[in-house]
Each structure stands twice: as C-alpha cells, then as structure tokens.
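Please walk me through this structure.

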Amino acid sequence: MALEYTDYIVAQNATLLDAAEVIEHTHSRSAVVVEGEKVVGVISEGDILSALLRGVGVHAPLADFVNHSFKHLNAPDPVRALELFKHFGIAMVPVLDKEFRLIGVVTLHETLNAMELAPPKP
C-alpha cells in the first residue's frame with residue numbers, strides 16, 4: 001500500500017503518542033505538524049525520545065515539542081531534497097504551498113529508489 005502525503009500529518013493538538021504512531025506508520029523518522037490546514041512544524045523521533053528521557057509521558061501535548069524551524073520545499077525537487085537530507089541528516093522534507101499547506105512530501109527512501117532507477121549520467 002502506497003502512502004499518501006496526508007499520512008505524514010499529525011495535528012498540533014495531538015499527543016506525543018499520536019506523533020509516534022504517524023512516524024511508525026510512515027517509517028519516515030518524522031511527522032508534519034499542522035494546525036488546521038497550515039503546517040506549523042515537524043516532530044522527529046529524536047524530539048519524542050528526548051521528551052520521554054526527560055520524564056514526559058506519551059500522552060503529553062505535542063505542541064510543546066514541535067520544531068517550528070524546519071526545512072521544506074515549495075515544489076517536489078528530489079535534487080534539492082537530497083541536499084537537505086545530506087546536510088541536515090533528515091529523512092523527509094515537507095512540500096508546502098504559499099499558504100504553508102502541505103501539498104506533498106519527499107522522502108529519503110523514495111529519492112534513493114528513484115536514483116537507482118535513473119539511467120547513469122554520461
């Protein structure tokens with residue numbers, strides 16, 4: 001079953017457990033956090049683990065742990081996404097429109113798969 005970009009979304013008023021379930025489902029190491037239709041940040045496995053190690057429960061509000069300073073693209077661009085993956089050690093980049101609504105995601109996994117299928121450059 002192929003994932004849809006909406007599978008990567010978790011609501012800002014959700015819990016750490018909700019975010020962890022999205023990450024587990026997508027195997028992406030992060031989830032896109034929205035308030036209404038607007039993307040307000042991302043949360044990663046590392047963010048959740050850090051919170052848990054500080055004694056925060058899994059039912060804690062997600063809003064307290066959202067990374068509001070996140071990398072994103074304005075169009076699906078695998079070359080630029082690969083640069084972001086390499087430079088920042090991330091595995092998923094949200095694609096946003098001008099109103100900061102999620103219109104897609106580019107994942108490290110799909111980018112690497114596409115590179116394997118591409119013919120070698122002369």
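## Val34 and its strand

Val34 lies in strand E2, which covers residues 30–35. Helices (H or I, at least four residues) and strands (E, at least two) are DSSP runs, numbered from the N terminus. The model is predicted: local features need pLDDT of at least 70, side-chain atom pairs count only at pLDDT 80 or more, and totals for chains, interfaces and linings use all residues.

Val34 has a relative accessible area of 9%, so it is buried. Buried means under 20% relative accessible area, exposed means over 50%, and partly exposed is in between (1.4 Å probe, protein chains only). Setting aside neighbours within four places in sequence, Val34 is in contact with Ile9, Val10, Ala11, Gln12, Val39 and Val40. Contact means heavy atoms within 4.5 Å. Val34 and Glu99 are 65 residues apart along the chain, and their C-alpha atoms are separated by 12 Å.

## Where H1 meets H2

Helix H1 spans residues 16–26 and helix H2 spans residues 45–53. Their axes come within 10 Å and cross at roughly 145°. Axes are lines fitted to C-alpha atoms, for helices over the stretch in contact, and angles run from 0 to 180 degrees between N-to-C directions.

H1 brings Leu16, Ala19, Ala20 and Ile23 to the contact, and H2 brings Glu45, Ile48 and Ala51. By class, the contact of H1 with H2 has 6 nonpolar residues, 1 charged and no polar. Ala, Val, Leu, Ile, Met, Phe, Trp, Tyr, Cys and Pro count as nonpolar, Asp, Glu, Lys and Arg as charged, and the others, Gly among them, as polar.

## Loop residues

Thr15 sits in the loop between strand E1 (9–11) and H1. It counts as buried because its relative accessibility is 18%. Leaving aside neighbours within four places in sequence, Thr15 is in contact with Val58, His59, Ala60 and Leu62. Pro61 is in the loop between H2 and helix H3 (78–88). Pro61 is partly exposed, at 46% relative accessible area. Pro61 and Leu17 are 44 residues apart in sequence, yet 9.2 Å apart in space, C-alpha to C-alpha.

Which way does phi of Arg29 go, positive or negative? It is positive, about 70°, although Arg29 is not a glycine. Arg29 belongs to the loop between H1 and E2 and is partly exposed at 41% relative accessibility. Phe100 also has a positive phi, near 65°, and is a residue other than glycine. Its loop runs between E4 and strand E5 (102–107). At 29% relative accessibility, Phe100 counts as partly exposed.

## Thr111 in helix H4

Thr111 is in helix H4 (residues 108–117). Its relative accessibility is 4%, so it counts as buried. Not counting residues up to four places away in sequence, Thr111 touches Pro78, Leu82, Phe85 and Val106.

## The largest pocket

The largest pocket has a volume of about 310 Å³. Of its 15 lining residues, Ser30, Val42, Ser44, Asn67 and Ile90 are the closest to its centre. Strands E3 (38–44) and E4 (92–96) are the elements that give two or more residues to the lining. That lining divides into 7 nonpolar, 5 polar and 3 charged residues.

A pocket is an open set of points on a 1 Å grid over the protein atoms alone, where a 1.4 Å probe fits, with protein on both sides within 12 Å along at least five of seven lines; lining residues have an atom within 4 Å of a point. Grid points are joined across faces, edges and corners, and a volume is the space filled by probe spheres set on the points.

Technical notes: Residues are numbered from 1 along each chain as its sequence is written. Side-chain values use heavy atoms; hydrogens and water are left out.
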